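Subject: Structure for your review

Dear colleague,

Please find below the sequence and the structure that I promised to hand over. My notes on what was found follow directly after.

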Amino acid sequence: MLLKPCCIYSTGVFSILILILGIALVLSDVFPHFVQSLVKKKVILKNGTEAFEVWENPPAPIYMQFYFFNLTNPLEVLEGDRPAVVEIGPYTYREYRPMEQVNFQDNGTKVAAVNTKTYIFQPNMSRGPESDLIRTVNIPAMTVMERFRDQPIVANLISSYMKATDEGLFTTHTVGELLWGYEDALLKALKVVEPELDDVFGLFYKSNASNDGEYVFFTGQQNYKDFARVDTWNGESSLNWWTSDECNMINGTNGASFHPVITKSETLYMFSSDLCRSLYALYDEDVTVKGIPGYRFSPPNKVFANMSVNPANAGFCVPAGNCLGSGVLNVSSCKQGAPIIMSSPHFYQADEKFVQDVFGMRPDKEQHQTVIDINPLTGIVLQAAKRLQVNVYVEQIPTFSQTGNVKTVVFPVVYLNESVVIDDASVLKLHAIVVEQNVVVNIPFMLIGLGIILGGIFMFLMCRQKVPESTAAERQPLLLS
């Protein structure tokens, strides 16, 4: 008889202890920290690790899409009207970007590599062939005119040559030529005077089957937050194109990899050689990609804001103090002097004047925002879309009649959408990790549930025990009588 009450009370005590243990584990985050510590040790750039294999040769297919802006009213623009453009695209390329010439340094704490990119045209994913014709601004001519605008004698000679060869402010070329290069007559003529001048022009000339220089990355061996962070680019730890030390900093990764255990309050830094600068992204919202949970990060308006909105961007105004406005970046200093202006597609997040200056601009967040979806535990990129627009600064130059009465305008030429979605094989691996994480992290809640069940059993047994006692008490007087 003593054994039964002892078991009942033991069940009650055990249920309370399990409840206390479960609640304590929940409050202390022991199991989440345990899972995170395991991931931190595994995610490192080291031969034999899965993180290194993915970093060295990304398994997910990457696509680069180009959308051109075809000018429909060239004569009217020369007379002072605003340009009217029609978006034509996409022209899609499969992008391969393995890390090559990999060399570990400083006892495995750093690794040097070049990121060779190769683009293969995908006709079935494109609007048309690479032979499609596009009318746009004559970038070589605009570059030459800007360069010699303050040298009247040379400018007159060049202007005369341009008239003789029918070179104007606008030109028509195929998609393939505009992207990968064509021999330009004006540049070829100038090469006689300047032999070092390259007479081939292309927006991405020498970018196919090539790389943008040597990177040295941290491996994450000493600090998980340094995983894939850029230490130096082309032997330099900072840039020299901008007018402040802060703007010349090389911050973050190259945008293809991120450290594990990412929080919503974190700022993700990236260095982009395309933009000639570092930038950052902030948490936007929770997302799910192929069943895998993730955090969406995107660059806020402040990244490309004018110095009046974000004083830290003053260094991006070149020459010093010459700011075009929010949402655009003058990169001529890192593009051999070409008057190239970078922005988001259709001037998304830019000042309204840039949108209004060109007929045909329709900025849209869904289509034109740069986004990165990341699994917060592993740091693996689930989905990403880098969207940039190449523009040319066009203005009237008195020494060149070819510019006519054109109004000053940031003229859109092409925008690119470099996108990736995690492959199915990686999804299966990541799904297993997520399931394991959920099981381990939920152990404290399982204990709390078990404690509640045992508590319920204890209460039930206590109630059952009291029923016979009350019945016996009622019968006792009858027996005495």
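Throughout these notes, two strands are said to pair if DSSP finds at least two bridges between them, while helices (H or I, at least four residues) and strands (E, at least two) are DSSP runs, numbered from the N terminus. Please keep in mind that this is a predicted model, in which local features need pLDDT of at least 70 and side-chain atom pairs count only at pLDDT 80 or more, whereas totals for chains, interfaces and linings use all residues. Residues are numbered from 1 along each chain as its sequence is written, and side-chain values use heavy atoms, with hydrogens and water left out.

Strand 1 and its partners

Strand 1 (62-71) runs antiparallel to strand 19, to which seven bridges join it, and within this pairing Y67 has Y415 as its bridge partner. Nine of the ten residues of strand 1 are buried, where buried means under 20% relative accessible area, exposed over 50%, and partly exposed in between (1.4 Å probe, protein chains only).

Four strands form an open, antiparallel sheet in the order 3-4-10-11, with strand 3 (99-105) and strand 11 (230-233) at its edges, each pairing on one side only. Neighbouring strands of this sheet are turned by 20 degrees against each other on average, direction ignored; the axes behind this value are lines fitted to C-alpha atoms, for helices over the stretch in contact, and angles run from 0 to 180 degrees between N-to-C directions.

The cysteines

A search of the whole structure finds two disulfides, a disulfide being a pair of cysteine sulfur atoms within 2.5 Å. One joins C276 to C334, with an S to S distance of 2.0 Å, and this disulfide is right-handed because the torsion about its S-S bond is about 80 degrees. C276 lies in the loop between strand 12 (267-272) and strand 13 (277-289), and C334 in the loop between strand 15 (328-330) and strand 16 (340-343), so the pair ties together parts that are 58 residues apart in sequence. Both of these cysteines are buried.

The other disulfide is formed by C317 and C323, whose sulfur atoms are 1.8 Å apart, and this link is right-handed too, with 100 degrees about the S-S bond. C317 counts as buried at 7% relative accessibility, whereas C323, at 23%, counts as partly exposed. In sequence order, the bonded cysteines of the chain pair as 1-4, 2-3. As for C247, its sulfur is 8.2 Å from the closest cysteine sulfur, in C317, which is too far for a bond; C247 counts as buried at 3% relative accessibility.

With best regards
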